Amino acid sequence: MKTLEIYNKGCKGRLMKMLRCIATDMDGTLLNSNQKISKENETALKLAQEKGIEIVVATGRSYYEAASVLEDAKIVCPIICVNGAEIRNREGEKVYSNPIPAELAKKVMNKLDEMNYYYELYSNSGTYTRDPQLGLAVLMDLFQSANRDEAVPWIKMEDQAKKRFEESVKVVDDYGLLVDEKAFELYKILVFSKDHEALQKAGLELEDPDLAITSSAFGNIEINYKSAQKGVALEAFVQERGISLAETLAIGDQLNDLSMLEIVGTAVAMGNAAEEVKQIAHYITATNNENGVALAITKYMNLM
């Protein structure tokens, strides 16, 4: 694989003639190992916007986690949050949500408690944990997984994780009381374990026709309502704007990106992407620390 030049996986001429929307994941994709949007990626996204192309971020993060990073780069765009459970417009207003029904959520949580797994709740009122120490360990794992090919100093990664945890995660004693609140919308249950085989088994035991179970990093599974997926949300997003999926390019690196990569006209995998993502992508770009998003966008712009 070439790392500094986007390359075509045997799909010569696959690039669309008309590009009207670009959807990009965040962690391991738009963000580098410092959890920042590089100047190159920022410039490429803004260039696309200047050309009239709709930019949307599609992330497993909550709105507030995603918005703060975009704000630092002065990028203003809609955000598909929490794997598609919520959509926010350019102004940050919620225009769509698809939470897990309360009774189904309780069923899942009871199973997870029986199996003694650590998990967090992502909701309309924030992200919650019952164990802050394990919560910090989850973030460390996510950062390592998103940047597994990079030698990021442990102390630096730990500082980044602590900062994000303190800013975005709330500590509670009882998840059940949250779920029982009428105004509470549960968007995602994030389950974490260092025992990968046990985690896969848990995913199988939790399978339900009303749930979408995927992963954003090695060592976790993400549980959403069945229609709360990036692909479902992206399809609704472009249709509302009169854009076809054939006119859409999506970029990602993990299993929770598959639902959108599988349906767009052009799917781009990061150089650091999971193998399953690379297998279904039309193109593979450079890694998130080599400005792979900017490379993919500017390469496409040169071919328009």
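## The nonpolar core

A nonpolar core is a set of buried Ala, Val, Leu, Ile, Met, Phe, Trp, Tyr and Cys residues joined through side-chain atoms within 4.5 Å. Buried means under 20% relative accessible area, exposed over 50%, and partly exposed in between (1.4 Å probe, protein chains only).

This is a predicted model: local features need pLDDT of at least 70, side-chain atom pairs count only at pLDDT 80 or more, and totals for chains, interfaces and linings use all residues. Residues are numbered from 1 along each chain as its sequence is written, and side-chain values use heavy atoms, leaving out hydrogens and water.

The largest nonpolar core has 88 residues, and those touching the most other members are Leu70, Leu121, Ile189, Val191 and Leu234. Helix α12 (residues 292-303) gives this core its largest share, six residues. Helices (H or I, at least four residues) and strands (E, at least two) are DSSP runs, numbered from the N terminus.

## A tilted pair of rings

How are the rings of Tyr119 and Tyr175 placed? Their centres are 5.2 Å apart and their planes are at 50 degrees, so the pair is tilted. Rings of Phe, Tyr and Trp (its six-membered ring) pair if their centres lie within 6.5 Å; planes under 30 degrees apart count as stacked, over 60 as edge-to-face and the rest as tilted.

Tyr119 belongs to strand β7 (residues 118-123) and Tyr175 to helix α7 (residues 175-180), so the pair ties together parts 56 residues apart in sequence. Both Tyr119 and Tyr175 are buried.
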